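Thanks for coming. Please have a look at the model on the screen before I go through it.

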Amino acid sequence: MTASERIAGTVANYVDERTGAAKWMKKNLTKVFPDHWSFLLGEIALYSFVILLLSGTFLTFWFDPSQREVIYDGSYAPLKGLEMSAAYASTLDISFEIRGGLLMRQIHHWAALIFMAAIVVHLMRVYFTGAFRKPREFNWIIGVGLLTLGIVEGFLGYSLPDDLLSGTGIRIAEAIIQALPVVGSYLAFFTFGGAFPGEAFIPRIYTVHVLLLPGAFLALITVHLMLVWYQKHTQYPGPGRTEKNVVGYPLFPVYMAKAGGFFFIVFGVTAFLGAVASINPIWLYGPYTPGQISAGSQPDWYMGWLDGLVRMAPPLETYLFGRTISWNILIPGLIVPGILFTGMALYPFIESWMTGDKREHHLLDRPRNAPNRTALGVMSLTFMLVALINGGNDIIAITFDLSINQIMWFSRIGIFVLPPLAFVITKRLCLSLQRADRDLVLHGRETGRLVMMPHGEFVEVHEPISPEKAWLLTQHEQNPPLALEEIDLRGVRRPGVLKNKLRARLSKAHAVAIPKVTAEDLKAIENH
Amino acid sequence: MSNEIEAIKDPGLPAHVHRRADTDPKAALKAERQVAILFLLSALGTLTLIGSYFFIPQDAFIFFPVLGNTNAHQLFLGLGMAASLFFIGMGAIHWAKTLMPDEEVIIQRHEFRSEDEDRADLIATAKAGAAAAGLGRRSLIKRSLALSLGLVGLSPLILLRDLGPLPGDELKKTSWKAGTRLVTDPGDRPIRADDLEVGAVAQTLPQIGEGVHRKLSDIGKDAVLLIRLRPEEFNLDAERLSWTHEGIIAFSKICSHMGCAVALYEQQTKHLLCPCHQSTFDVTRAAKVIFGPSARPLPQLAITVDSEGYLIAKQPFSEPVGPSFWERSS
């Protein structure tokens, strides 16, 4: 027995004598996690969050969240003697006077971008593989909540330095608040402690950014992880993997080493980016004043789609009874995002309603085997992508020497035309892939070897695929659509005819599939 | 499901293939050394970090291809930190992948739904509890509780009232009055018509008393852009034309869409462009919106000159400046 074995034993004994948790700990130390690269995406988000907490704490030691006016007297010569807020001046000090301060600022900002990117890609993985299905609907909703909070938290974070670019972002946020019918101007005055920009906003969002939202994040992430732990991770289909088991590696030591190591890798990569890739050089923008602006004003990427929607909105306002409703702000800034995020949060329930499937699912879908869901996902992504492209229309116009007006018109038309097109194309691609799977199982792999038959015909030799592969390509369920007759068995018309018709149609669309190969098909071909 | 009967059979978990390090002690030793090297690289990274922190001056610059001229202190500090973290991770994962057991383990799942008996028990308990509380029967308690719970939510709203003053007519007025001089921003110098050449643009603010501090919230409403064209280039009605002075026209610089500073002026086309959302305004036609999401022209400020020849506002803005709000009448 080595020393480390002895210590491990002693620790286990010590803890159990004080908690009586031996059984529970044993169960959890040997808990099995399935291995797949796509399961690391959520981990990246988690680790970025830890990096954000660490680097953010460092920044709070020097950042002064105040809009009190000061005269800058630091080592950055171009801004010397300028009037600016204490928030901006202290951010300059962190960048130029505090050793490692700029590095930490850049790590913090890069970690925020990676955090959001990891959340989005993790969400896509969960969506396209159907991991949100029963019993994981709660975790899906928590995830959508984390995404939403992340957008807000990120926006508040890059607003804090009070530079010209971030101040412009706050101005836009103020305009959105101000555009709310009835309560808008009141809410704006309460938020800013008076007329924009006032002197209250930065200190207020500082509390929200470093206390309120991180607290909410911690709570939600804890529940998110506890649910993953308790419900056990989903796994990809494959030989030996069923709805009833989990195949993978035990938590201790393999998974701890891998996940712990991965934390350091994510932190290392973020530090590397912070070291070599300059981000948000606020000293170039200057202090915020509402009368000035820099060309090419861009939000961080996760806000870009929202800005893109606002940019492409038609110039519509209603003036009625001495009141104004700004559709050009409300539709792209609140109504469309509201519909998108609500729809996203409710999707697990919508799908279960369409398919009538109320069973538990622990085996993931291959995206091609759920063509409707996959197509809907690609359609939503296309919508976001068009919006995001339009959010960078000025940068694209300058980079590629295009007309900004043409890009805007491309987006205005594209946002309606491209998503449905993406839906149709994706659905067909999925079905084609299913067809290819079927061919592969039935006729085997193309070997690339051509053989001339005695009668002169050339044929390519096919090789049967392995039973493992054949299983992978045929393990999925193919359920028939819901049978919702308009008239029930007793000859009475069902209530809610329209609703049922819609449900039946959706269910039918959802069930479209190329029939998978059965054992009988294979037998028939062998006897052929 | 009927198709499960005739489906292709699950061949089961494939047989485990051993790694070289599992069978060959030499390979295991090699893997161990690799892990150690990775951890040592991390230690080297930390030393780089310490060295850079104390010995590279903060204003030292170094040229690197691709990166260009870079601050050496910041760069090596960051690279040291990156290496110190990254290689710990690489070491741990290499260790796990080469030396820790890699045989897949299977555990069983259980359906989350409890046994029917337990469920019935729970439902009965819930029902009994609800009955014991008797909310259904005691409607007086139910209603008064609903009332108090509904009202208790109001207190945080009430307590937050002092977050800010009521808007009043703050959004509707600016500092511009009849006779207010336009002064340059920055510089606070009054402007004569001759100071502006045809085609020139100037950012201005209303003149304030010597030593008075200009608030940012005032700049957010008062910023005005002066543009000088040839008078014949205007395409304005008589009233708006009378608001100009010798080809000089003044607009609020605060975008009528979302309040950004409309700062991009294109001399050739005489268009003003807001860099935030690309609302484009035609200067010759009183800042009419010709592209983008803004629904209203930029408010025009009527200007003239005073007895000393300095540009002044003829009257306050005739409409609120900046983004729309509910109480705006047009």
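First, the conventions. This is a predicted model, where local features need pLDDT of at least 70, side-chain atom pairs count only at pLDDT 80 or more, and totals for chains, interfaces and linings use all residues. Residues are numbered from 1 along each chain as its sequence is written, while chains are lettered from A and ligands numbered from 1 in the order in which they are written.

How many residues of chain B are in contact with chain A? There are 81, and they meet 94 residues of chain A. Contact here means that the C-beta atoms, placed from the backbone, lie within 7 Å.

Which elements of chain B give two or more residues to that side? They are α4 (72–98), β3 (105–108), α8 (216–222) and β11 (288–291). Helices are DSSP runs of H or I with at least four residues, strands are runs of E with at least two, and numbering starts at the N terminus. The largest share, 16 residues, comes from α4(B).

Now β3(B). Strand β4 of chain A, residues 245–250, pairs with β3(B) in the antiparallel sense over four bridges; pairing requires that DSSP finds at least two bridges between the strands. In this pair, A:V246 stands opposite B:I107.

β11(B) also has a partner within chain B: β10(B), residues 280–282, antiparallel over three bridges. There, B:T280 stands opposite B:F291. The hairpin of these strands has five residues between them, and B:A286 takes a positive phi near 55°.

Conventions. Two residues are in contact if their C-beta atoms, placed from the backbone, lie within 7 Å.
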